[in-house]
Amino acid sequence: MAFLAEMARKSLKSRKILAKAIGQRIRSLRTKKAISLKHFESKEHSIDRHSLSDIEQGKKIPNLYTLYRISVVLDVPLEEFVTKLK
């Protein structure tokens, strides 16, 4: 049982690290292109600014479709979010 608890802890920690790294990458690209959260929301109605803010803060991990929609608005290839992670 202790083994499973340890694995769950490690998995949760890895998930948080991934969420934060992807969120920081999205925010960096969005701010570099001078797109505000409000302007982003007006371009992509399926992702509201509060959800995008949660993603950028690492509170949520976006699914693949959401990452795709973000890549379209930011005009970057989908791979941009994962190939540049540290």
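Modeller: Let's start with a cut-off: a residue is called exposed when its relative accessible area is over 50%, and buried when that area is under 20%. Keep in mind that we're looking at a predicted model.

Biologist: Okay, so why is isoleucine 17 called exposed?

Modeller: Its relative accessible area is 54%. The cut-off for exposed is over 50%, so isoleucine 17 gets that label. You'll find isoleucine 17 in helix α1, which covers residues 2–32. Its C-alpha atom is 8.0 Å from that of glycine 58, a residue 41 places away along the chain.

Biologist: And why is tyrosine 68 called partly exposed?

Modeller: Its value is 41%. Tyrosine 68 sits in helix α4.

Biologist: What makes Tyr65, Tyr68 and Val72 a patch?

Modeller: A nonpolar patch needs residues with over 30% relative accessible area whose nonpolar side chains are joined within 5 Å. Together, the three residues have about 310 Å² of accessible area on the surface.

Biologist: Which residues of α4 are buried, then?

Modeller: Thr66, Leu67, Arg69, Ile70, Ser71, Val73 and Leu74. For each of them the relative accessible area must be under 20%, because that is what buried means.

Biologist: What makes a group of residues a nonpolar core?

Modeller: They have to be buried, nonpolar, and joined through side-chain atoms within 4.5 Å. The largest one here has 14 residues, and Ile26, Phe40, Leu52, Ile70, Leu74 and Phe81 have the most contacts inside it. Helices α1, α3 (49–56) and α4 (64–74) each give two or more residues to this core, with α4 supplying the largest share, 4 residues. In soluble globular proteins, nonpolar side chains do tend to be buried together.

Biologist: Which residues does phenylalanine 81 touch?

Modeller: Leaving out residues up to four places away in sequence, phenylalanine 81 touches Ile22, Arg25, Ile26, Leu29, Leu67, Ile70, Ser71, Leu74 and Val76. Touching means heavy atoms within 4.5 Å, so each of those residues passes that test.

Biologist: What happens at the start of α4?

Modeller: There, a side-chain oxygen of asparagine 63 comes within 3.1 Å of the backbone nitrogen of tyrosine 65. A polar contact needs N or O atoms within 3.5 Å, so this pair is inside the limit. After α4 comes aspartate 75, with a positive phi near 55°.

Biologist: How many helices and strands does the whole chain have?

Modeller: 5 helices and 0 strands. Of its 86 residues, 33% count as buried.

Notes. Residues numbered from 1 in each chain as written. Predicted model: local features only at pLDDT ≥ 70, side-chain atom pairs only at ≥ 80, totals over all residues. Heavy atoms only, no water. Buried < 20%, exposed > 50% of the residue type's maximum accessible area, 1.4 Å probe, protein only. Patch = residues over 30% accessible without salt bridge, like charges linked within 9 Å, V, L, I, M, F, W, Y side chains within 5 Å. Areas by Shrake-Rupley, 256 points an atom, 1.4 Å probe, with all protein chains shown as cover. Salt bridge = Lys/Arg side-chain N within 4 Å of Asp/Glu carboxyl O. Polar contact = N/O pair within 3.5 Å; in protein donor to acceptor, adjacent residues only side chain to side chain.
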